[in-house]
Amino acid sequence: MQEKLFNSIVEMREEEALALAKESLEGGADPLEMVDLFRKAVEEVGNRYEKGEYFLPELMMTGQIMNQLAELTKDKIVEGSADSGKSRGKVMIGTVKGDIHDIGKNIVIFMLDANGFEVKDLGVDISPEKFVEEAKAFEPQIVGMSALLTLAIEPMKETVEAFEKAGLRDKVKIMVGGAPINDAIREHAGADGWGKDAVEAVSLAKKWVGGA
Amino acid sequence: MLTDNWKSLTPDEKFQTRFDKWMNQEGVEFAPGAKEAYLERSQMIKDAIELKKPSRIPVCPMIGFFPAYHAGVSCEDVMYDYDKLKMAWTKYHRDMQPDSMAGSFLMSSGKTLEHLGYTLYKWPGHGTNPNTPYQCWEKEYMMADEYDDLINDPTRYWMTKYMPRIFEAFAPWQMLGPFTDIIELPFVPATMIPFGIPDVQESLKKLIEAGNLAMEWIQAVGATDGETMATQGIPPFLGGMCKAPFDTLGDTLRGTQPLMLDIFRQPDKVLKAMEVLIPMNIEMGVRSATTNNCPMVFIPLHKGADGFMSKDQYRKFYWPQLKAVMLGLIEEGLVPLLFAEGGYNERLDIINDPEVPAGRSMWYFDTTDMEKAKAALHGQACICGNLPASVFQAGKPQDVEEYAKNLIETIGKDGGFILGNGSVLDEAPSENVKAMFEAGRKYGS
C-alpha cells in the first residue's frame with residue numbers, strides 16, 4: 001500500500017494518490033508516517049528533476065497533489081505533534097522591486113518547503129527596504145531574490161546593499177535566481193550564491209544551513 | 001492579396017514578391033542617402049535569412065524600452081506621451097544606427113489600456129512603477145472546464161467570456177448572444193436585444209472612445225516609424241506577430257501552472273484547443289505582416305524552453321503546433337522570426353525539422369549554446385541573438401565587443417547570421433548597447 005501510494009505520487013497519478021491516501025488514513029494509518037512518505041515522494045520527484053527526467057509540469061503537478069494530501073492529513077494530525085519535523089532553517093524569499101513574476105519563486109518555495117525549510121514568501125515587486133524590514137522580523141538565515149526581467153538586476157544589487165547598510169549582511173546568506181541570472185550577475189549583485197532552478201536552490205540552502 | 005494572381009503563386013514566388021515590396025517601399029519619400037542605406041540594410045537582412053553571406057552582418061537587436069532609458073524619459077512617458085515617444089525612438093535610431101527598426105508601436109498606448117481597464121498586463125504607473133516596462137499578469141482567465149467552449153466557437157468564447165474578464169469595460173459583453181444566430185429574418189430583432197441593455201450600451205460607448213484613442217495612437221506611432229524609415233533608411237523588422245498555440249493557452253488564456261496541470265488532467269482537450277488556435281495564429285500573422293508590408297512575423301516563445309517541459313512533452317504539446325503555424329506563414333511567403341528566450345539546447349534536434357523549408361525562418365537564441373545551434377540549424381535557418389543580458393548589464397563596452405566579435409567570427413563566418421541580443425534588453429548602459437552596434441560594423445564584413 002505504502003509503495004503503491006508512493007509510486008502514484010511520483011508518477012503523477014493524482015486521483016489514485018488521493019484515493020489511496022484517503023483509504024490509508026481511514027484504515028488507521030499513522031498520519032505522521034504518511035507525511036513522511038509524502039516528503040520522500042517529493043524528494044524522489046526532485047531527484048528525477050535533477051536527473052532531467054522531470055520538468056516544470058511534474059513539479060507543479062506534485063505541488064498540486066501535495067496540497068490536496070496536506071488537506072487530507074491536517075485534521076488527523078494531533079495538535080502539538082504537527083511540528084514533529086523540525087525546520088532545517090529559515091528562508092525568506094521574494095521577487096525584487098520592479099518585477100511582478102512569481103512562477104519561479106513559487107516553485108522554489110514549494111521545493112524548499114518540501115525539503116523541510118521554513119519559508120516566508122514576501123510576494124512580488126519587493127523593495128530593498130521591505131526585504132530588510134521583513135528580515136528583521138523573521139530573522140531568516142537565508143534570503144532568496146527572484147527575477148525574470150533584466151531590469152531586476154540592479155534592484156538585486158540595491159537589496160544586497162540595503163542589507164549591508166542595515167548591518168545585517170553577515171547575518172544572512174543571499175541567493176539569487178531567475179532567467180537572467182548567472183554567476184556574473186551574482187557577483188555584480190554581491191550575492192553569496194545563485195542557482196539555475198529550484199533543485200539548485202535547495203542544495204544551496206542545505207549546504208549553507210541544513211547540512212547536506 | 002498583394003498581386004492579382006496571388007493564389008497561383010508558389011511560396012517562393014510569394015516570398016520574393018513580399019521582399020520586393022518591403023525593400024522598395026513604394027510611395028515613401030526618402031531623405032537623400034536614406035534610400036541607399038535602406039536598400040543596403042534590407043538586402044543584408046534578406047541575405048542572412050536566405051543563409052547567404054551578407055555584405056556585412058546586420059545588427060538587429062530586440063531592445064524593448066531601452067530607447068526610453070537611453071533618452072532619459074520614463075517608461076510611463078513613452079506609453080502616454082507620443083511626443084516623448086517620438087523623441088526617444090528617434091534618438092535611439094540616430095545614436096545607434098541599428099540595421100532594423102525598433103517599432104515604436106510596441107510601446108502600446110497607455111491611454112487606450114487605461115480607458116478599457118485592461119487587466120492581463122500591468123504597465124508603468126498602473127501596477128508597475130513608472131520606470132518599469134509593462135509586464136504580463138498571468139491568471140486563470142479561461143477556466144479548466146471551458147475548453148469545449150473555446151474549441152466549439154473561439155470567437156464567441158473570446159467575446160463573451162475572455163474579453164469580459166480581462167477588460168473592465170467589456171464586462172457586460174457576457175450578456176451578448178452569438179451573431180451566428182442570425183440565420184433568417186425572425187432572429188434579427190432577438191439577437192439585438194442585448195444591445196438594448198444599458199450596461200452593454202455603456203460598454204459600446206467605451207468601445208467607440210477606445211477607437212478614437214487608438215486612431216490618435218496609430219497616427220502618432222505610424223508617423224514616428226515612417227520617419228525613421230524615410231529619414232534614416234532603417235527598415236521595419238517585425239511585420240506581424242503571432243504565437244505558438246501552447247503559449248496562447250499558457251500566456252493568454254489558462255496561465256502557466258493551470259496549463260501544466262491540464263497536460264496531466266485533460267491532455268486531449270489541450271491538443272484539441274491548440275488545433276483550433278493554429279489557423280487563428282496563421283491568419284493573424286499573415287494579416288498583420290501584409291498590412292505592414294514587412295515579411296517577418298515575430299513569434300515570441302515562452303513555455304517550451306528548456307526546463308519548462310520534457311522533450312517528449314515538447315514533441316507532443318509544443319513543436320507540432322508551432323511548426324504548423326510556421327509552415328502556414330512560410331506557405332504565404334512570410335518568415336517566422338522565433339524569439340527563443342531562455343535555453344533551447346534540448347530542442348535543437350527537434351526544431352531541426354526537415355519539413356521546414358530552408359532559408360525561410362529565423363531563430364533568435366538567448367542562453368542556447370550557439371555552436372550547437374549552428375551545428376543543428378546550419379543550412380536550415382538563420383540564427384540570431386545570444387548577446388547576454390548579463391554582459392550588457394554587468395559588463396564593460398569591451399566585454400560586449402569581445403563577445404560580439406567572437407559570435408561574428410565563429411557563428412557568423414559563413415553567413416546566415418544576425419547579431420543581436422537574446423532576451424529583451426530594456427535597461428542597460430548606453431555605451432554597452434553602442435558597443436554591440438560598433439562591433440557589428442567593425443568585424444561584420
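This is a predicted model: local features need pLDDT of at least 70, side-chain atom pairs count only at pLDDT 80 or more; totals for chains, interfaces and linings use all residues.
Chain A contains 9 helices and 5 strands. Along the sequence these elements come in the pattern α-α-α-α-β-α-β-α-β-α-β-α-β-α. The C-alpha trace of chain A spans about 55 × 35 × 30 Å along its principal axes. For 212 residues, a compact globule would have a radius of gyration near 17 Å, and the 18 Å of chain A agrees with this. Buried residues account for 48% of the 212 residues in chain A. Of the contacts in chain A between residues at least 6 apart in sequence, 73% join residues at least 24 apart.

Where they meet, 8 residues of domain 1 of chain A are in contact with 7 residues of domain 2 of chain A. On the domain 1 side, α3 (31–50) and α4 of chain A each supply at least two residues. The largest share of that side, 5 residues, comes from α3(A). By class, the domain 1 side has 4 nonpolar, 2 polar and 2 charged residues.

The strands of chain A come next. The 5 strands form an open sheet in the order β2-β1-β3-β4-β5, with parallel pairing. β2 (118–126) and β5 (193–195) of chain A stand at the edges, and each has a single partner strand, so one side of each is left without a neighbour in the sheet. Neighbouring strands are turned by 20 degrees against each other on average, direction ignored.

Two of the pairings can be followed residue by residue. Strand β1 (residues 90–96) of chain A is joined to β2(A) by 6 bridges, and the two run parallel. Here A:M92 stands opposite A:K120 in β2(A). Elsewhere in the sheet, 5 bridges join β3(A) to β4(A), also a parallel pair. In that pair A:I142 stands opposite A:K173 in β4(A).

How many residues of β4(A) are buried? The strand is mostly covered, with 5 of its 5 residues buried. A:K173, A:M175 and A:G177 point one way from β4(A), while A:I174 and A:V176 point the other way. The residues on both sides of this strand are buried.

Helices of chain A lie against the sheet. α5(A) packs on it and touches β1, β2, β3 (142–146) and β4 (173–177) of chain A. The direction of α5(A) makes about 175 degrees with that of β1(A). Helix α7 (residues 153–165) of chain A lies across β1, β3 and β4 of chain A, and runs at about 140 degrees to β1(A).

A:I103 touches B:T256 and B:Q257, not counting residues up to four places away in sequence. Why does A:I103 count as partly exposed? It has 19 other C-beta atoms within 10 Å, whereas a residue is buried if 20 or more lie within that distance. Within chain A, A:I103 and A:A137 are 34 residues apart in sequence and 25 Å apart in space, C-alpha to C-alpha.

In total, 22 residues of chain A are in contact with 27 residues of chain B. The elements giving two or more residues to the chain A side are α4 (56–74) and α8 (183–189) of chain A. α4(A) gives the most, with 5 residues. The residues of the chain A side divide into 15 nonpolar, 5 polar and 2 charged.

Chain B is itself divided into domain 1 (6–107 + 233–443) and domain 2 (108–232). Their C-alpha centres lie 26 Å apart. Between them, 44 residues of domain 1 of chain B are in contact with 31 residues of domain 2 of chain B. Several helices give two or more residues to the domain 1 side, among them α2 (34–49), α5 (82–96) and α13 (267–291) of chain B. α5(B) provides the largest share, 7 residues. By class, the side of domain 1 of chain B that touches domain 2 of chain B has 23 nonpolar, 11 polar and 10 charged residues.

How values were computed:
Residues are numbered from 1 along each chain as its sequence is written. Chains are lettered from A and ligands numbered from 1 in the order in which they are written. Domain bounds come from an automatic or database domain assignment. Two residues are in contact if their C-beta atoms, placed from the backbone, lie within 7 Å. Helices (H or I, at least four residues) and strands (E, at least two) are DSSP runs, numbered from the N terminus. Ala, Val, Leu, Ile, Met, Phe, Trp, Tyr, Cys and Pro count as nonpolar, Asp, Glu, Lys and Arg as charged, and the others, Gly among them, as polar. A residue is buried if 20 or more other C-beta atoms lie within 10 Å of its own, exposed if 12 or fewer, and partly exposed in between; C-beta atoms are placed from the backbone. The radius of gyration is taken over C-alpha atoms; the globule rule is 2.2 Å times the number of residues to the power 0.38. Two strands pair if DSSP finds at least two bridges between them. Axes are lines fitted to C-alpha atoms, for helices over the stretch in contact, and angles run from 0 to 180 degrees between N-to-C directions.
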